[in-house]
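Subject: Handing over the structure

Hello,

Here is the structure I promised to pass on to you. Please open it first, and then read on for what I found in it.

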Amino acid sequence: MSEKIDSTRRKALQITSGALGAVTVGAFAVPFLSAWNPSEKAKAMGAAVKFNLSKLQPGSMAVVEWRRTPIFVVHQTKTAKTNLPKLNQKVTNPALEEGVSRSTNENFTILKGVCTHLSCAPKYYPEIEPKAWDQEWLGGFFCPCHGSKFDLAGRVYKGVPAPTNLEVPPHSFEGETLVIGEEI
Ligand code: FES
């Protein structure tokens, strides 16, 4: 079982999932959970993973495992969607062509939870409040390894070690179901 509780005020759901073929993973009203343990073969195949978005509250983040990689699923708040464009000048690559949430559904941002510097796990800090690393923090991700910071859409700030934005994995939406990867 893999479990983690984010130290921030908002819940981050830790979800471990995998599939031989696509598997639907539910969002539950608990701060962490595990699904079931897929076989090593199924994990290696990298099958698509489905995640039910219906219970992921705005401002919350779930972590879903796909191809042994943590995938951050962020439900953006209205405030976050308003604030993200304000950071266009502070990030290295604003990625405007991807849309405000870097997703086809602007309410959700889907990111690989792997820092683009040396692959540490960035932490989720959605609060809008001064932080030690940024007195004008509007929420986002901070990598404690070497101090890289990303906004809530995973766009990397200028002047930090990480060279590029957090990567967006292949994904699609089927109503309230998120599909990460491609069904095989
Ligand atoms: S690994 Fe994230 S800043 Fe170095």
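Let me start with a question: which residues does K81 touch, not counting residues up to four places away in sequence? They are Q76, V100, S101 and E106. Touching, or being in contact, is meant here in the sense that the C-beta atoms of two residues, placed from the backbone, lie within 7 Å.

Two notes on the model before the rest. This is a predicted model, in which local features need pLDDT of at least 70 and side-chain atom pairs count only at pLDDT 80 or more, while totals for chains, interfaces and linings use all residues. Residues are numbered from 1 along each chain as its sequence is written.

**The chain as a whole**

The chain has two helices and 11 strands. Helices (H or I, at least four residues) and strands (E, at least two) are DSSP runs, numbered from the N terminus. Read from the N terminus, the order of elements is β-β-α-β-β-β-α-β-β-β-β-β-β. The chain has 184 residues, of which 35% count as buried. A residue is buried if 20 or more other C-beta atoms lie within 10 Å of its own, exposed if 12 or fewer, and partly exposed in between, with C-beta atoms placed from the backbone. Among the contacts in the chain with a separation of 6 or more, 59% come from residues 24 or more positions apart.

Six of its six residues are buried, so β4 is largely enclosed by the rest of the structure. From β4, M61, V63 and E65 point one way, while A62, V64 and W66 point the other way, and all are buried.

The partner of β4 here is strand β5 (residues 69-75), and the two pair in the antiparallel sense over six bridges. Strands count as paired if DSSP finds at least two bridges between them. Within this pair, A62 stands opposite V73 in β5. The hairpin of β4 and β5 has two residues between the strands, and R67 takes a positive phi near 50 degrees there.

The largest nonpolar core has 32 residues, and V64, I71, V73 and I180 are those with the most contacts inside it. A nonpolar core is a set of buried Ala, Val, Leu, Ile, Met, Phe, Trp, Tyr and Cys residues joined through C-beta atoms within 7 Å. Two or more residues of this core come from each of β3 (49-52), β4, β5, β6 (108-112), β7, β8 and β11 (177-180). The most come from β4, which gives five residues. As for I180, leaving out residues up to four places away in sequence, it touches A48, V49, F51, V64, W66, I71, I110, P169 and H171.

**A three-stranded sheet**

An open sheet of three strands runs in the order β7-β8-β9, with antiparallel pairing. Its edge strands, each pairing on one side only, are β7 (123-125) and β9 (148-151). On average, neighbouring strands of this sheet are turned by 25 degrees against each other, direction ignored; axes are lines fitted to C-alpha atoms, for helices over the stretch in contact, and angles run from 0 to 180 degrees between N-to-C directions. Three bridges join β7 to strand β8 (residues 140-143) in the antiparallel sense, and Y124 stands opposite F141 in β8.

- P144 lies in the loop between β8 and β9. P144 is exposed, with 12 other C-beta atoms within 10 Å.
- R155 sits in the loop between β9 and β10 (171-174). R155 is buried, with 25 other C-beta atoms within 10 Å. Its C-alpha atom is 6.7 Å from that of P94, 61 residues apart along the chain.
- F173 belongs to strand β10 and is partly exposed, with 15 other C-beta atoms within 10 Å. Beyond four places in sequence, F173 touches T104, N105 and L178.
- K81, from the opening question, is found in helix α2 (residues 78-83). K81 is partly exposed, with 17 other C-beta atoms within 10 Å. K81 and A153 are 72 residues apart in sequence, with 9.2 Å between their C-alpha atoms.

Enjoy exploring!

Best wishes
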